[in-house]
Amino acid sequence: MSEPTIKARLPERIARLEDIAFNFWWSWQPEARDLFKQVDLSLWADTQHSPVLILSKVPEARLQALARDPGFLARYDKLVEALNRYLDRWDTWFGRNHPQVKERVAYFSAEFGLHNSLRIYSGGLGILAGDHCKSASDLGVPLVGVGFMYPKGHVQQRIGPDGWQQNVYEAADWSVSPVRPVLDAAGQRLILKVPVGTSQVHVAVWVVLAGRVKLYLMDTHVEGNAPEDQEISDRLYGGDRAKRLRQEVVLGIGGVRMLRALEVPVSVYHANEGHAAFLFLERIREMVASGKSFRDAAREVAETSVFTTHTPVPAGHDVFTEEMIAEYFKDYWPSLKLEREEFMGLGRLPGQSGWNMTALAMRLASLRNGVSRRHGQVSRKMWAPLWEGEGRGDAPIGHITNGVHLATWVHRDLLKTLDKHLGEGWGERQDDPAVWAKVNSIPDAELWSVHQRNKAEFFRYLRRRLRRRWMEGHTEASQVVGQGAILDPEALTIGFARRFASYKRATLVLRDLGRLKAMLLDSWKPVQFVFAGKSHPDDDLGKGFIQRIYQLARDPAFGGRIAFIEDYDMHLARYLVYGVDLWLNNPQPPLEACGTSGIKAAVNGIPNLSIADGWWVEGFNGLNGWSIGSAEAQVGAPPTDAADAAALYDTIEGLVVPLFYDRPDGIPTGWVKMMKESIRSISPRFCANRMVREYVDRCYLPAHSAYTSQRTAPEPEPYVVPSWK
Ligand SMILES: *Cc1c(COP(=O)(O)O)cnc(C)c1O
């Protein structure tokens with residue numbers, strides 16, 4: 001592993017470009033993005049906006065020239081100052097309100113989606129974790145992330161001519177990624193030893209910066225590890241059950257040991273989904289080792305631990321056989337002062353066999369939440385069996401609805417418009433609904449023209465991608481059409497992009513092809529659909545959905561008005577969530593725990609058409625989009641495909657199309673009104689700042705005070721036998 005050579009390439013005068021490139025803060029600063037564009041516009045596009053790659057590839061002569069260019073230097077100096085100010089700032093929301101808190105919140109997650117140039121995420125869960133870190137940084141919340149580096153990179157999606165998803169693995173090159181190795185006091189690579197079953201696995205540590213927040217990432221591709229141990233951190237969610245279990249041992253137990261090695265002072269532990277739940281066992285082990293009973297240790301750990309569950313879909317909860325657990329933990333449970341049966345009981349869910357990671361986390365963390373109001377309800381019922389013995393009908397699980405990091409997801413032109421109409425500094429008060437009332441004063445023509453430009457930008461991006469793929473010989477002509485080459489920039493464009501898990505029902509809109517075709521081919525009011533999304537590499541059902549859509553996309557009978565775009569990732573997502581006209585979501589309720597892509601669209605003024613599920617049950621207000629179906633469905637109820645598809649067609653034909661094409665003065669005023677209502681009503685309630693503040697107020701601060709009182713609780717007075725007796 002060679003050190004990045006960027007430092008050596010940069011002239012002294014602009015040396016701090018390196019600091020900017022290595023802190024993802026740049027990705028939510030329009031001025032920083034401009035600066036890297038100015039370094040090299042083609043590289044900016046070719047690297048999919050990766051400053052570290054740009055700085056390592058751009059000719060040194062160009063860097064020398066920039067170091068003498070007064071215009072560039074002025075921008076550079078301003079930006080360096082802005083970064084310094086951001087990093088040093090003490091009067092943040094958190095700093096002002098809770099100056100007494102010195103310790104950190106340790107946020108454990110198997111994935112983090114900060115930016116496309118660091119592919120350690122797969123989908124919604126990771127991007128949520130990334131947005132959480134960014135908002136924590138903006139608000140000054142002292143948080144550190146704990147996760148994994150995945151050296152074999154993430155799976156990329158290619159679609160073969162037959163429409164079948166092919167999985168392409170692209171190894172990551174860490175020497176040109178915005179990550180840095182963590183060294184020990186002697187200047188050597190910090191290597192931890194983590195017990196995984198009977199072996200000691202060596203774990204290297206990397207650090208990634210997201211503003212003020214540091215993410216520490218573990219990596220087992222280390223010399224000295226047996227090949228099967230090196231593979232532990234190969235890739236996200238890859239491999240068999242044993243490998244998954246080994247990953248989770250490293251994430252939870254290794255994660256805690258890493259924080260100790262780094263001497264990070266932590267008072268609160270937050271497990272983002274069950275993958276990291278072993279962290280709670282490791283904390284109990286530490287306390288037991290210092291002399292506490294298991295019961296006392298477990299109580300103290302629970303009081304200071306937060307657990308967020310992210311899905312009601314059974315496959316989303318890891319279950320391991322007790323034999324596997326025994327294989328890896330038989331030397332571990334004695335250190336908790338537990339017998340095998342007591343230990344196994346921690347991971348059991350009544351009515352199910354095996355060891356359930358979510359059950360473990362629910363038992364060992366006392367601050368538990370789902371990710372939307374509806375998901376909270378569903379979770380309370382779903383996990384009730386864990387509390388059966390206590391005679392309660394539901395589980396003590398609350399909810400904190402997910403949000404999105406506005407500075408990451410809102411198009412910069414819209415941000416500028418908001419600056420103009422909401423007043424500078426609105427970002428500081430973005431979760432105050434009153435701030436957003438002024439959205440109504442944006443002139444219709446202004447908002448519509450921003451949207452038209454964003455839509456054009458999306459179509460340009462699409463064609464550029466396609467042209468390249470075609471020229472590289474990866475794609476046949478009919479595939480080029482199927483991927484959107486003859487989409488019509490004027491037509492009502494409906495976007496559907498998300499993982500192709502079966503409960504998301506990507507093919508629902510294809511149920512009545514006759515009715516669909518009539519909408520698509522209407523001469524005056526045409527509709528078109530843009531699909532994107534990956535299926536899990538082992539999920540043939542999901543791949544079948546993709547194939548079905550792909551075949552229609554290539555079928556001349558549908559006029560090129562259906563497109564399936566390859567390789568949905570954060571980069572493509574950004575273009576999609578501001579570039580289409582309407583965002584569609586039609587999961588099988590109540591299986592969408594929250595769904596965040598619709599929020600990303602909504603804050604860009606793209607109305608949602610969605611099944612009443614997840615966040616939309618709270619978000620829909622009758623004026624900001626369309627809601628179909630009932631929010632009452634229960635887990636395991638029969639699918640409602642026929643009724644939901646019919647409602648979908650009725651809504652598009654009867655309400656969406658007429659509103660979009662009704663343009664008395666060239667502008668669809670009714671539609672624009674809905675766009676404004678979407679921005680106004682959804683931004684303050686579903687921004688990540690609101691979410692993080694809720695985590696602080698309802699979880700982190702109570703957990704922190706528990707930690708403080710645990711530490712300061714006086715030792716019980718010893719009873720001394722009076723000597724005169
Ligand atoms: C936002 C996002 C998701 C999550 O979208 P959902 O609506 O929750 O399914 C998944 N993938 C990417 C690339 C995203 O940007």
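Here are some friendly notes on the predicted model above, point by point.

1. **Ground rules.** This is a predicted model, so local features need pLDDT of at least 70 and side-chain atom pairs count only at pLDDT 80 or more, while totals for chains, interfaces and linings use all residues. Residues are numbered from 1 along each chain as its sequence is written, and side-chain values use heavy atoms, with hydrogens and water left out.

2. **Overall build.** The protein has 30 helices and 20 strands. Helices (H or I, at least four residues) and strands (E, at least two) are DSSP runs, numbered from the N terminus. The radius of gyration is 26 Å, close to the 27 Å from the globule rule for 725 residues, so the protein is as compact as a globular protein of that length. That radius is taken over C-alpha atoms, and the rule is 2.2 Å times the number of residues to the power 0.38. Along the principal axes, the C-alpha trace spans about 100 × 65 × 50 Å.

3. Of the 725 residues, 59% count as buried. Here buried means under 20% relative accessible area, exposed over 50%, and partly exposed in between (1.4 Å probe, protein chains only).

4. **Contacts along the chain.** Take the contacts between residues at least 6 apart in sequence: 74% of them join residues at least 24 apart. Contact means heavy atoms within 4.5 Å.

5. **Charges.** The protein carries 87 positive and 86 negative charges, and their mean positions are 3 Å apart. Lys and Arg count as positive and Asp and Glu as negative, with His and the chain ends not counted. Each charge is placed at NZ of Lys, CZ of Arg, CG of Asp or CD of Glu. The structure holds 45 salt bridges, a salt bridge being a side-chain nitrogen of Lys or Arg within 4 Å of a carboxyl oxygen of Asp or Glu.

6. **A buried salt bridge between two loops.** Glu-592 and Lys-504 pair through their side chains at 2.9 Å, N to O. Glu-592 sits in the loop between β18 (582-585) and α26 (597-603), and Lys-504 in the loop between β15 (492-497) and α23 (513-520), so the pair ties together parts that are 88 residues apart in sequence. Both ends are covered: Glu-592 is buried at 3% relative accessible area, and Lys-504 is buried at 9%.

7. **A cis peptide bond.** The loop between β18 and α26 also contains Pro-590. The peptide bond from Pro-589 to Pro-590 is cis, with omega near 5°.

8. **Other salt bridges to look at.** In helix α30 (residues 688-712), Arg-690 and Glu-694 are four residues apart, which means about one helical turn separates them. Their side chains form a salt bridge at 2.9 Å, N to O. Arg-690 is buried at 12% relative accessibility, whereas Glu-694 is partly exposed at 22%. Glu-341 and Arg-348 form another salt bridge, at 3.1 Å, N to O. Glu-341 is partly exposed at 49%, and Arg-348 is partly exposed at 27%. There is also a salt-bridge network linking Arg-241, Arg-244, Glu-248 and Asp-318.

9. **Positive phi in two loops.** His-49 is not a glycine, yet has a positive phi of about 60°. His-49 lies in the loop between α4 (41-46) and α5 (51-57) and is buried at 10% relative accessibility. Glu-263, also not a glycine, has a positive phi of about 55°. Glu-263 belongs to the loop between α11 (241-261) and β9 (266-272) and is exposed at 69%.

10. **A buried glutamate.** Is Glu-282 buried or exposed? Glu-282 is buried, at 0% relative accessibility, and lies in helix α12 (residues 278-289). Apart from neighbours within four places in sequence, Glu-282 contacts Ile-253, Val-256, Arg-257 and Tyr-332. Glu-282 and Ala-703 are 421 residues apart along the chain, with their C-alpha atoms separated by 18 Å.
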